[in-house]
Amino acid sequence: MTTESGQSSRSKPSDDYDDEAWAKLVPLDTRFSDIKIRCGDMVICSEIKPSSSERHEWCRITKNLGQGSATLHNKSSDAILVDEALIPKDGAVDIISGSEIVPGPGGQGYLQYRFTVMPAPDSRSQLLKISIDPDHAKCSICLNVWHDVVTAAPCLHNFCNGCFSEWMRRSEARHQHVLCPQCRTTVQFVGRNHFLQNIQEDILKADTGLRRPAEDLAVLDSSSSIQSNLIIGSKRKRRFSTLVSPTVEERDSLRLQCPQCVATIGGYRCERHGAHLQCHLCRGMMPNRTNIQVPLHCMGCDRPFCGAYWSSQNVTHGESTPVCNPETFRPISERTATRIPFLTHEMNRHEQDITQRCIAKMGRTVQDVVAEWFSLFNDRQIDRSRMPLNHAETITTSTHVCNECYDKLVGFLLYWFRVTLIVDYFPADAAARENCWYGYACRTQHHNEEHARKRNHVCRPTRGNHPS
C-alpha cells in the first residue's frame, strides 16, 4: 500500500510524477499544495488543520471501475465530512469529481479539500464504418425506423419510445405481465438505448426519405413515458417478517424493494408487476405513477429521484428500503446557495475565487446574489441559450431539480453576474487582466494553471465557433 504525504505550501511536487496522477485533492486554502493520487488504492497522509503542520493518515481513496468516481474510506480516529454528510470512523462513501471533503467532524478548524479527477490524456480515435440495412433498424410496432429508441430485456428487441410506452400502458391494463410485442417474452426491464439512437440518426442522415413528418413525431413524443431505465415487476418473493440475517444476495435483492409493493401507503399499493423507477441517488425503487402531481424526474437532467415522492407519502429511510432525504430533490425556490459550486466558471478555481471576492466587496453573500438573479431568471430577462440543463425554456423557480442541476444553474447565473458586473467591484489584480480570446470555452485553462490565473475566462469567446 502506498502512502501519500500532503505537500506543504513551501514544497513543490516533482513534475516527473504529474502525468501519473489520475486524481488529486485540492485544498481550498491556497497556502497548501495539491495532493496527487497516483495509484488505484492510496492512503492519504497530510495536514488536516491549517493551524498545524502535523500530518495524519486520515483516509484511503480507492479508484472505482471506469472514470470519474472513487471510494473514500475513513481511516481517521474521528468522523469526517464528505459533501456535508458525516462519515463515521471506518465508514466508506463513494465520491465524484467535485466532492468536498473535510478531514474532521466539523467544518471549523479543519482544512477543506476538493476531490478532482484528472482529465484523461488525449488518445487517437479510429473511425469504424459499419453498414446496416435500414430494415434491421425498424420498430416492429409502427414499421418505421426507430425514433427515440428503447430496448426491452431480456429479449433485447428495440422499439420507438412512444410505440412501446403505449404498448406498455395497454398491456398493464389488460394483463398481469408486459409482453414483448415482437416475441411475446415477459419484459422485465426497458430503457433508452443511446447507442442505437446514434445509429438511427446516422441512418436518417444517409437516407432522408426514411424520415417521418414532424407531425407524426410530435404525436409519438407525446406518448413517450420512458425517461429512464424501468424495472417492470419482479418475480422475487420477499417475506420481511421472517428475515433474520439476510445473505449478501438477499440484501441486494431487498435494496430493490419498493415500500408500496410491501404495504398500502397513503392509500396506494403497487400493482403486481407494475412499472417502477430506480432512484438515481439512493438506487431505491418507487412506482412510476404518471397520474399524480408529485415530480418523479429532475427537469434539468431527466433522471429519476425519489425524495419528493416518498416525502409526499410520509415514508422515511429504512434498513431494507432506501429512501432519499427530500432535501436532495426540491423546488429551486426552497433552496439556499451557501457557496460557489464547483462547476461554476468551467471549474476554474481562480475565477471562482474572484467571484467570491467581488461578492464580499459588495458586502453581500452568495445567496443574496443568486436570489437576485433567480428573480431575473424567473422573469425571463436572461438569455438561456447556454443554460446547461434540459428543458431550459420551461424551468422556473418552482421547478424541482436535483442538487447537481441546482449547482449547474447557480453557476450559470453567476456567469451572468460576473459579465455584467462593473469593474469597480473587481479586486485590483483581477481588474487588470485581459480577456482570453476563447473566453469560457478555453481548454487551456483546465491544464495550464498560469494561463487560468493570468487571463479572464468569464467572458464571451471572440475566436472559435461558440455561442456568445
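Buried means under 20% relative accessible area and exposed over 50%, with partly exposed in between (1.4 Å probe, protein chains only). The model is predicted: local features need pLDDT of at least 70, side-chain atom pairs count only at pLDDT 80 or more, and totals for chains, interfaces and linings use all residues. Residues are numbered from 1 along each chain as its sequence is written, and side-chain values use heavy atoms, with hydrogens and water left out.

**Figure 1**
Helices (H or I, at least four residues) and strands (E, at least two) are DSSP runs, numbered from the N terminus. Helix α2 covers residues 194–206, and its 13 residues reach 19 Å from first C-alpha to last, close to the 18 Å expected at 1.5 Å a residue. The expected span of a helix is 1.5 Å times one less than its number of residues. L196, Q197, I199, Q200, I203 and L204 of α2 are buried. They cover an arc of only 160 degrees around the axis, which puts them on the same side of α2; the arc is that of the directions from the helix axis to the C-beta atoms. An α-helix has 3.6 residues a turn, so residues three or four places apart point the same way. On the other side of α2, H194, F195, K205 and A206 are exposed. The cover over the buried residues of α2 includes β12 (149–153) and β13 (158–160), where contact means heavy atoms within 4.5 Å. N193 caps the N-terminal end of α2, with a side-chain oxygen 3.2 Å from the backbone nitrogen of F195.

**Figure 2. Helix α7 and what covers it.**
The 13 residues of helix α7 (residues 349–361) should span 18 Å at 1.5 Å a residue, and the end C-alpha atoms are 18 Å apart, which agrees. In α7 the buried residues include E351, Q352, I354, T355, C358 and I359. These cover an arc of only 160 degrees around the axis, which puts them on the same side of α7. Among the elements that cover the buried residues of α7 are β11 (113–117), α8 (366–378), α9 (403–419), α10 (428–431) and α11 (449–454). At the start of α7, a side-chain oxygen of N348 reaches to within 3.0 Å of the backbone nitrogen of H350. G363 follows α7 and has a positive phi, near 75 degrees.

**Figure 3. E351 in helix α7.**
E351 has its place in helix α7 and is buried, with a relative accessible area of 0%. Its side chain makes a polar contact with the side chain of R433 (2.9 Å). A polar contact is a pair of N or O atoms within 3.5 Å; within protein, one must be able to donate a hydrogen and the other to accept it, and residues adjacent in sequence count only if both atoms are side-chain atoms. Leaving aside neighbours within four places in sequence, E351 is in contact with H345, R418, R433, A452, R455, N456, H457 and V458.

**Figure 4. The largest nonpolar core.**
A nonpolar core is a set of buried Ala, Val, Leu, Ile, Met, Phe, Trp, Tyr and Cys residues joined through side-chain atoms within 4.5 Å. The largest one has 39 residues, and those with the most contacts inside it are C298, V370, F374, F377, M387, Y406 and L409. At least two residues of this core come from each of α7, α8, β19 (400–402) and α9. The largest share, ten residues, is supplied by α9. Beyond its neighbours within four places in sequence, C298 is in contact with R303, F305, F329, H400, V401, C402 and C405.

**Figure 5. C306 in a loop.**
C306 lies in the loop between β17 (285–287) and α6 (307–312). At 0% relative accessibility, C306 counts as buried. C306 and L296 are ten residues apart in sequence, and their C-alpha atoms are 6.4 Å apart in space. Not counting residues up to four places away in sequence, C306 touches C279, C282, M286, V323 and C324.

**Figure 6. T399 in the loop between α8 and β19.**
T399 counts as buried at 10% relative accessibility. Its side chain reaches the backbone nitrogen of T396 at 2.9 Å. Leaving aside neighbours within four places in sequence, T399 is in contact with M299, R330, P331, I332 and T394.
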